[in-house]
Amino acid sequence: MGRHSLPDVRPTGAGRARSPRRRHVSIAAALVLAVTAGTGVAARAGLLSFGTPCDKAPVRLDIAASPDIAPALREIAERARRDRVTSDGNCLDIRVSARENFKAAAALAGGTAPGYQVWVPDSDVWVDRAKGSGDGIALTPAGNVASSPVTLAAVPRSARTLGWPRETYTWAELAAAATGTGRPRLGSADPLRSATGLLALSSVAESAQQNGQNGQDGRNGKDGKGGQDGAGDTLAAATAQLLSGRVADSDPRLLDTLAQDDSAAEKGNPRRNEALLLSEQAAFAHNSEGSGADNLDLFYPTDGAPVLDYPYSLVNQTALSTDQSRAAMRFMALLGEDPSYRTLEKHGFRVANAPVHGEVLRTAGGRSPQPYDGADARPPSVETVQRTLGLWTVTVRSTRLTTVVDTSGSMAAPVPGRAGQSRMDVTKASLLRALNQFTSEDEIGLWEFATRLDGKKDYRELEKTARLGDPVKGGGTHRERLSDAFSALKPVPDADTGLYDTTLAAYRKARATYVDGKFNALIILTDGSNKDDDGISRGELIKRLKALADPERPVPLIAVAVGPDADRAEVDKVAKATGGAGYEVSDPADIQSVLLRAIMLSAGSTTP
């Protein structure tokens, strides 16, 4: 959709609201009807009945909704109760409660039985998080309720500094402008708890990659695996670093970081933000409640704004009664009617298949030529979301990693194309390069393993997991001691790969020494399959790892299969028992980039 002037009133015909996946409400209802109504006919089932007398007891349906949309849904539910809207002859008794999205997603992923039958978070990213490893509460998608684009909002003085409304920016340009010297103080809600913050940070990285902005390798560099390149990671990491000092726990609390009054002391307070990564609806709500003097102005990125898309999902549908399933779909159909659309728009939301409402945009702070009606950004992939979460985690939080290296005899094998270098030689060089990427606050330890390495044990701890900046006895730091230990690694002649016993012992130690506030993980590098016939089996290992794993204190296993003899499928099955994953490198020189990529993905997928 091209840019155009802000409409004075809601027109008919042309125009649309942002609807990221174009899920038409009535189509969604028809699709789910086959599930909820079996072979019955919709009209006969009463699914499509409107305002008929109740001839049965009301059917109770509990909906958990994102705090921003809960008031609008509650208003629609109360109107349905007053109007005696029915489903299959039952009046609807819809109860809507506000639930923080990240908490609801974590509970569902953990398999905690919820006290509600429908969940409406603000974004599909929470649905993906709730699915977790597939062991959580089942969710049945039924469409999208509303949408709201993610923008950069600024107080009037700062907006003028950035050239609002005439000046337009890509996401990368907005990030660079907002993080430059003398630019507005920029704040965000925590991407671990806010889809708005997460989608905005993902957009910054993707925009920088696509537009070649800031093309220097950053902390994570190019991963060589089809992920975001150094340009995207560098700018996103710089943005994350800046935001980490100005982050709020939630979107409502983020708005509290703005100046609280018009005084010079408040506006000049360096702890007060002047620009925010915010949804259009949140800006609408803020501006609706204010005096108008400090209303926020919105920048809409030219390369597409990601959207909060408010998915509507049935929770654990197989446990719902037929009446509850039909009532859930009846309410979903009700949300697609004009009175519900007007209610959603009154609360600042955009609705599917309807023109952009001029009053919503004006109140929120949208003005032409800002591309408020431009093309939506493509919804990020699960891997992109995980990568961004991981980047945020490793940028603003320190890590605690225990590294376990295979020193079996096969590590002495030569690496093709690297004259005179063994697998161990190249592995050590790659590990030393990776070590340079971590800060003094990061904690790293080192184990080695091979069959019967230490008596009957297949493993040995060489350096405890400690802060790289910590001083050590005899002088120097733990980083230097660890670097020496990496350099001293060498294959043990005639020893085989004691993988399973080592993995269990190292995981137990990592779990027992878990440190809150850090990203904890166990890294295992191996060039072969388990060859210890006296140890535990793979099935028993997986069983024990699942029993040890704790979603509230996650320690993912990152297992890297090195060389042609390693079995990625084997290590992947083992790693997945902890919420981690297995990776494969044919050349040990690639270990550094794969490790850093794996850390980011694991940090994103296991963040509590």
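The structure before you is a predicted model, in which local features need pLDDT of at least 70, side-chain atom pairs count only at pLDDT 80 or more, and totals for chains, interfaces and linings use all residues. Residues are numbered from 1 along each chain as its sequence is written, and side-chain values use heavy atoms, with hydrogens and water left out.

I turn to the backbone. Most residues other than glycine have a negative phi, and most peptide bonds are trans.

With that in mind, consider N316, which sits in the loop between β12 (311-315) and α13 (322-334). Its phi is positive, near 50°, and N316 is not a glycine. D88 also has a positive phi, of about 55°, although it is not a glycine. The loop that holds D88 runs between β2 (86-87) and β3 (90-98).

Are these residues buried or exposed? Here buried means under 20% relative accessible area, exposed means over 50%, and partly exposed lies in between, with a 1.4 Å probe and protein chains only. D88, with a relative accessible area of 17%, is buried. N316, at 28% relative accessibility, counts as partly exposed.

Next, the peptide bonds. From W164 to P165 the bond is cis, with omega near 0°, and P165 belongs to the loop between α6 (156-161) and α7 (171-179). The bond from S368 to P369 is likewise cis, with omega near 10°. P369 is found in the loop between α15 (358-364) and α16 (382-396).

Methods: Helix = DSSP H or I, 4+ residues; strand = E, 2+ residues; numbered from the N terminus.
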